[in-house]
Amino acid sequence: MATLQERIARVEERVARACAASGRDVADVKVIAVTKYVSLETVSAVLDAGLEDIAESRWQDAEHKWNALGHQGTWHFIGHLQTNKVKDVIGKFQYIHSLDRLSLARELHKKAEAAGLTVNVFLQVNISGEDTKFGLPPEAVPGFLREISGLHRIKVVGLMTMAPYEAEPEETRPVFRGLRELRDELNLLALTPEPIQELSMGMSNDFEVAIQEGATQVRLGTVLVGHEEGA
Ligand SMILES: *Cc1c(COP(=O)(O)O)cnc(C)c1O
């Protein structure tokens, strides 16, 4: 089995190759380590290895890791966020990648206001249209941005999507391209104080395609940090 260092080196090489293939600068693609499948010890090793961005998808699983290591690195919340869990994650995760509904936006704003901070969010968009995926339908995003524009504690930094699992990763390309095109269209409408920059897209199975289509943040679990039984 490859060591963590070997896996990181291999991923960095694949990221560099995908960037080269699409004329992009590696500095514009951030690798986020998704640690939901691994132990606290492994998260610690990931940070020691020099990766700075850690992502978790459920507070129940993340809590003990954050309590031990939250003072290091940058923490991203990438899972479906229940409104009643906002109080647990606010101020702990610098980025929330899964804003997908107005009730959640209102709660994030309220808790951020009470804590005196700004919360950086990605809007999760369901580009593929699968019923099983969370996320706003693309056509609803402009209206959503208008509705949350008064919630000044929320800063929309990017868009996030998940592609369906495909045995042939190339088949995910239209999903990633769709998210990039949506971002560019939204920026023409200028619905946010500053242009939306980030595209959080690409996972273990499809990150190279996502990078070729403009991903600025890839969320990598299995391929990067592994998958430990019972972690
Ligand atoms: C689990 C998860 C990932 C990482 O999945 P891998 O396929 O193991 O890389 C990325 N994004 C989200 C939203 C996830 O829940």
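Predicted model: local features only at pLDDT ≥ 70, side-chain atom pairs only at ≥ 80, totals over all residues.
How far is an oxygen atom of the ligand from an N or O atom in the side chain of K36? In this structure the separation is 2.6 Å, and it belongs to what we call a polar contact, that is, a pair of N or O atoms within 3.5 Å.

Residues are numbered from 1 along each chain as its sequence is written, and side-chain values use heavy atoms, with hydrogens and water left out.

Staying with the ligand, an oxygen atom of it is 2.5 Å from an N or O atom in the side chain of S204, and at G221 a backbone N or O atom lies 2.8 Å from a ligand oxygen. Taken alone, the ligand exposes 390 Å², of which the protein buries 89%, with areas computed by the Shrake-Rupley method and a 1.4 Å probe.

Let me turn to the salt bridges, where a side-chain nitrogen of Lys or Arg is within 4 Å of a carboxyl oxygen of Asp or Glu. The whole structure has 17 of them, including one between K65 and E56, whose closest N and O atoms are 3.0 Å apart. Both K65 and E56 are buried, meaning under 20% relative accessible area with a 1.4 Å probe and protein chains only. Another salt bridge joins the side chains of E107 and K111, at 2.8 Å from N to O.

Technical notes:
Polar contact = N/O pair within 3.5 Å; in protein donor to acceptor, adjacent residues only side chain to side chain. Buried < 20%, exposed > 50% of the residue type's maximum accessible area, 1.4 Å probe, protein only.
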